[in-house]
Amino acid sequence: MKTSPIRSEAGLTKATTINRLSGFFACCLLACLFCSNAEAKSVVSDTLPLYGQPKYDKNFKHFNYASPDAVKGGRVVMPAYGTFDNFNPFIFKGIASAETAALTLDTLGIVPADDYSTVYPLIAKQFELPDDNSFVGFILDEKAKFRDGSPILADDVIFSFNSLIEKGSPLYKVYYADVDRVEKINDRHIRFYFKKDSSNKELPLILSQIAIFSAEDWAGKDFAKPSLIPPLGSGPYRIEKFEPGKFVVLKRNRDYWAKDLPSRKGFFNFDEVRFDYYQDTTVTLQALFAGNIDMREEYIAKIWVTGYDNDVVKSGKVKKENLPHNQTAILQNFAFNIRRPKFQDKRVRQAIGLAFNFEWANEKLFYNQYQRLNSYYTNSEMAASGKPQGKELALLKELEPLLPPEVFGEVPTPPEFKLYEDGRKNLRRAANLLKEAGYDFVDGKMTHLETGQPLEFEVLSNTANGNTFTRVMLPFLKNLEKIGIKATFRNLEVNIFKNRLDNFDFDMAIVSFPMSQMPGNEQKEMWGSRSADIKGSFNLIGIKNPAADALLDKIVKAQEKESYIAALRALDRVLRHEYYMIPQWYSAHKRVAYRNRFAHPQTKEKVGFQPFSWWLKDSQGKQK
């Protein structure tokens, strides 16, 4: 899943690309209709599942976490963070209104929150796959149309793909690198052919997540140029009015072509959706109490515990809910920029991590609401533990010449500060690591003995986090000072922060990587060598690790789940042994506060906050 890494205490993400590029699935075939062609025998299927069977059969009526009887109508106002000067989130230039793109542009397929390894039909009603996995075909729904009533055709799909490759953000060339060519079979049948040396199992499903633009609407326009002219969409909403950087109002398309599809039943119930843009998450709390917005996700533990003790909440006008989720934890962290010479020795990175006292922050600031992240895939079966065994060990043995010996031992875990003496022990260990890396105290400063340069660096955050990280950083900076390291903390306006990240202009930054339930090709963009020098990519850290690259290939080429999980655990282990980041914390719930005018499905599915499955209720608490 692709979202941009800009963040807050519990993983706030300000998306600059929408959650369209989830490359998390590939194929077990249901169904059915056999076609022949010169290259290979193919099967047409109603779904694209990665491993095993899909959760829903071909006759399903709606997803379990949506209410098909939800009443349409009313208005909702929600906060967005930062600003925007553009309605195209797929290009490098400008700052896009990603929230609106997700509601106005449909994709070929859809992935539900309770079956994250399967794609179900949307613009494509069926999926074609050959027995040799040399291509994927998409058969378009005859009912699929743009907002102006024009049909969605193969030419629109081809235009959308080519625009991403040729004029989109540079990262798309990496993401779709295994596509050899795209071919129009007929007006409603497209095939994407893969390179001969590609065994990328999930590529068919990555392609199913492409948002489709109208080729005719873009005629004579420059796709690469930021624009505030809303593109012609096919989604459930259209942009009604906006003011750049301040608000966007969307109106429900009553003639939405897909409103009766099972994958859309019970969603998009509000007639009007308004996003008001803020620079600070804490400001939106007062906006909620004042009635200026209707719902917000709370990212700050202290505010969740103490900030709602007022008459508005006590009277029931505002409700609070903890909504459980079963997602892989958001990877919130202090990310090193290892392009900087000072951070290229992993002993330096490890030493700095030993100065961060999570236990203090959790007790004093977060009311013990969090757990420490201990993996790139925390809260999932993909997290490495103990010593490598079985298939994971076999994979690592293949790469032994590229790996340090310690990878074959216990997996690293974050340091603990449970007792007073733990702090002294961790800082003493940090100082020893720095000495091994060529540093020592000179006039009270930790100084590199060859270059004479003291170890100093800057930590960046953004204003959407409010003052949260100022409080977190104070003891961290103090501990670094005790071992002679001078670190400074800067809170930047959101868009300046994004620009600094896009251009790799930072020493260390507080970021979050939303992690997929089924990690795949997007992991190459986060940790792969090919994306390390592409400005705007998610490889903010600058990782160029041959062993990691080899394991990333193993992940996307794995043909069965056991091999897939083993490759992910091996990758997790390799990355953790390099200390590329200092992991922070996560919560198993989404904390949501909202005006008591809304209802949402009561479900056992742990899907977190799904605002577009909600609806407006009347003052007696009944559906209206």
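In helix 10, which spans residues 390-398, the residues Glu392, Leu395 and Leu396 are buried. Seen down the axis of helix 10, its buried residues fall within an arc of 95°, so they line one face of the helix. The model described here is predicted.

**Helix 10**

- Gly390 and Glu398 lie on the other side of helix 10 and are exposed.
- The cover over the buried residues of helix 10 includes helix 15 (546-557) and helix 16 (561-576).

- An open sheet is formed by four strands in the order 4-13-12-11, and its pairing is mixed.
- The edges of this sheet are strand 4 (75-81) and strand 11 (237-243); each has a single partner strand, so one side of each is left without a neighbour in the sheet.
- On average, and with direction ignored, neighbouring strands of this sheet are turned by 20° against each other.
- Strand 4 and strand 13 (residues 272-278) run parallel and are joined by seven bridges.
- Val77 has Arg274, in strand 13, as its bridge partner.
- As a general point, strands of a sheet pair through backbone hydrogen bonds, either parallel or antiparallel.

**Aromatic rings**

- There are 47 aromatic pairs in the structure.
- In one of these pairs, the ring centres of Phe213 and Trp218 are 5.8 Å apart and the ring planes stand at 85°; the pair is therefore edge-to-face, since planes over 60 degrees apart count as such.
- Both partners can also be described by their accessibility: Phe213 has a relative accessibility of 1% and so counts as buried, and Trp218, with a relative accessible area of 9%, is buried as well.

**Charges over rings**

- Arg339 places its charged end over the ring of Phe504, at 3.6 Å from the ring centre.
- The charged end of Lys397 sits over the ring of Phe408, and its distance from the centre of that ring is 5.2 Å.

Key. Residues are numbered from 1 along each chain as its sequence is written. This is a predicted model: local features need pLDDT of at least 70, side-chain atom pairs count only at pLDDT 80 or more; totals for chains, interfaces and linings use all residues. Side-chain values use heavy atoms; hydrogens and water are left out. Two strands pair if DSSP finds at least two bridges between them. Helices (H or I, at least four residues) and strands (E, at least two) are DSSP runs, numbered from the N terminus. Axes are lines fitted to C-alpha atoms, for helices over the stretch in contact, and angles run from 0 to 180 degrees between N-to-C directions. Rings of Phe, Tyr and Trp (its six-membered ring) pair if their centres lie within 6.5 Å; planes under 30 degrees apart count as stacked, over 60 as edge-to-face and the rest as tilted. Buried means under 20% relative accessible area, exposed over 50%, partly exposed in between (1.4 Å probe, protein chains only). A charge sits over a ring if NZ of Lys or CZ of Arg is within 6 Å of the ring centre and within 35 degrees of the ring normal. The arc is that of the directions from the helix axis to the C-beta atoms. Contact means heavy atoms within 4.5 Å.
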